Amino acid sequence: MGEHSLCSLVLVFVFFILSLLVNGEDPYRFFTWNITYGDIYPLGVKQQGILINGQFPGPQIESVTNDNLIISVFNSLDEPFLITWDGIQQRRNSWQDGVYGTNCPIPPGHNFTYVLQVKDQIGSYFYFPSLAFHKAAGGFGGIKVSSRSVIPVPFPPPAGDYTILAGDWFKKNHTDLKAILDGGHDLPFPDGLLINGRGSNGYTFTVDQGKTYRFRISNVGLSTSINFRIQGHKMLLVEVEGTHTLQNTYSSLDIHLGQSYSVLVTADQPPQDYYVVVSTRFTSQVLTATSFLHYSNSGGIVPGPPPGGPTTQIDWSLNEARSIRQNLSASGPRPNPQGSYHYGLVNTTRTIRLQNSAPIINGKQRYAINSVSFIHADTPIKLADYFKISGVFSLGSISDNPTGGGAYLQTSVMAADFRSYIEVVFENSEDTVQSWHIDGHIFFVVGMDGGQWSPASRLSYNLRDTISRCTVQVYPQSWTAVYMPLDNVGTWNVRSQNWARQYLGQQFYLRVYSPANSWRDEYPIPKNALLCGRALGRRTRPL
């Protein structure tokens with residue numbers, strides 16, 4: 001072979017390797033958002049809403065597993081602002097989580113660019129503002145993470161894909177609601193329910209007869225569980241917060257605060273309009289909102305009144321929750337079956353019991369976990385940890401178990417070890433439903449029941465095919481237990497999804513620590529990280 005031919009082969013090989021490197025990187029999707037105030041009328045009353053690019057709710061994020069999402073957020077409000085990405089795990093990257101424990105707020109008139117990756121995820125999620133009770137003004141939107149084309153999905157492609165953001169709503173502006181909480185009082189009962197930012201009969205979903213559609217429903221409300229149903233139609237549950245489920249059929253579904261579900265609905269009824277209904281659960285006064293399922297060849301108006309649903313029945317909801325199981329043979333974000341991870345065969349290394357309470361502290365209503373009511377420090381916990389700033393927080397400032405002592409205020413942070421496998425038991429001795437979320441992780445809901453949890457309760461755990469998710473309910477005077485692999489280094493928010501309870505202290509941070517100090521375990525501080533509090537004047541990194 002001549003020298004010229006050898007050089008040509010080398011060049012071809014080099015270009016081939018370069019093409020693999022270029023084409024092998026996961027795709028990027030770019031978003032530019034302008035956050036403004038604007039007039040909205042969701043319940044027929046003028047309110048100050050928070051808009052994203054003039055939209056309420058905000059724009060939908062469409063993505064595919066492993067996509068990189070570059071979201072530049074311009075804060076045109078007159079107050080600091082942050083967005084958090086509910087259910088997006090931020091693998092090795094709690095720097096992007098968008099809560100005050102990890103991020104400095106975006107000052108008015110400034111911008112911050114989030115760099116997210118939906119690494120090894122599929123499913124239905126949503127984003128929302130995390131500061132200053134902004135969530136009560138809007139600023140939320142849906143997140144859809146589709147499977148890669150090479151990964152099999154356990155159902156045929158639907159004819160359409162709809163996102164439903166539903167939840168309770170107040171006619172008062174968020175500033176007025178925040179003032180109520182700051183004054184030491186709880187929120188009043190909500191004024192109504194919204195479906196995609198509109199009150200009753202304000203939204204229509206159009207379908208073709210005989211075709212099947214996917215509906216992704218999230219409860220983006222502040223204080224109440226909801227029940228979702230479609231008049232005359234069954235719903236086939238296929239996904240819960242990134243996990244493909246056993247495909248059971250339901251006539252209605254309870255969706256608790258912060259939770260997301262995907263169902264398939266076939267337009268197999270006579271061609272007319274039908275009610276899509278959400279109503280409050282476990283409330284003495286039942287609020288209802290409706291929208292329309294419209295057949296494109298509809299020949300008649302919606303028949304009769306909206307269908308009723310369950311109201312205060314706890315056992316009904318508990319039995320439904322237990323019926324939601326993982327599809328063990330379906331692929332998740334990777335080709336291997338979801339059931340290939342045998343969560344029930346892994347020994348737990350630690351049990352953490354978290355008990356919520358509603359104490360009065362200094363004459364004001366607060367909420368607490370294991371007697372600690374969380375308060376924010378003057379510097380985000382993650383920054384204080386990174387720059388080794390003393391006096392901001394203390395590890396171990398919240399106990400692993402209920403203390404039974406008087407409640408107090410504290411910037412509570414719990415230490416945990418990377419790659420440990422823990423049992424978390426949420427214990428609810430109150431008379432209201434709780435909804436809990438853990439950032440950065442998924443967990444396996446191994447058990448839930450009434451009464452007091454004890455080690456003997458483990459005999460009833462589902463150790464084979466329970467659902468994995470990131471938000472779970474705890475019924476009144478009940479407990480819920482989860483198994484959770486701590487496989488994501490960072491500082492992660494553990495919180496109530498009842499936003500008044502979260503705001504008044506029912507949250508803390510879990511510091512998952514690796515001594516390796518390696519990019520393999522955690523990304524370095526972003527170059528564009530905002531600095532505030534006692535971190536002002538520090539440097540992030542040069543590269």
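In the predicted model described here, strand β1 (residues 28-40) runs parallel to strand β4 (residues 68-75), the two being joined over 8 bridges, where helices (H or I, at least four residues) and strands (E, at least two) are DSSP runs numbered from the N terminus, and two strands pair if DSSP finds at least two bridges between them. Within this pairing, Asn34 stands opposite Phe74 of β4. Both strands belong to an open sheet of 4 strands with the order β2-β1-β4-β6 and mixed pairing. The edges of the sheet are formed by β2 and β6, each of which pairs on one side only, and the twist from one strand to the next averages 20 degrees, with axes taken as lines fitted to C-alpha atoms, for helices over the stretch in contact, and angles running from 0 to 180 degrees between N-to-C directions.

Because the model is predicted, local features need pLDDT of at least 70 and side-chain atom pairs count only at pLDDT 80 or more, whereas totals for chains, interfaces and linings use all residues. Residues are numbered from 1 along each chain as its sequence is written, and side-chain values use heavy atoms, with hydrogens and water left out.

The loop between β5 (83-86) and β6 (111-117) contains Ser94, which is buried because its relative accessible area is 0% (buried means under 20% relative accessible area, exposed over 50% and partly exposed in between, with a 1.4 Å probe and protein chains only). A polar atom of the Ser94 side chain lies 3.2 Å from the backbone nitrogen of Thr491; a polar contact is a pair of N or O atoms within 3.5 Å, of which, within protein, one must be able to donate a hydrogen and the other to accept it, residues adjacent in sequence counting only if both atoms are side-chain atoms. When neighbours within four places in sequence are left aside, Ser94 is in contact (heavy atoms within 4.5 Å) with residues including Thr102, Lys382, Trp492 and Glu522.

Arg92 is placed in the loop between β5 and β6 as well, and has a positive phi of about 60 degrees although it is not a glycine; with a relative accessible area of 27%, Arg92 is partly exposed. A positive phi, near 50 degrees, is also found at Asn517, a residue in the segment after β36 (507-513) that counts as exposed at 74% relative accessibility. A further backbone feature is the cis peptide bond from Phe56 to Pro57, with omega near -10 degrees, Pro57 being found in the loop between β2 (47-52) and β3 (61-64).

Aromatic pairs number 29 when rings of Phe, Tyr and Trp (its six-membered ring) pair if their centres lie within 6.5 Å, planes under 30 degrees apart counting as stacked, over 60 as edge-to-face and the rest as tilted. The pair of Trp95 and Tyr386 is edge-to-face, because the ring planes stand at 85 degrees, with the centres 5.5 Å apart. This pair links distant parts of the chain, 291 residues apart, with Trp95 in the loop between β5 and β6 and Tyr386 in helix α4 (residues 381-386). Trp95 is buried at 5% relative accessibility, whereas Tyr386 is partly exposed at 36%. Lys382 lies over the face of Trp95, at 4.9 Å from the ring centre, a charge sitting over a ring if NZ of Lys or CZ of Arg is within 6 Å of the ring centre and within 35 degrees of the ring normal.
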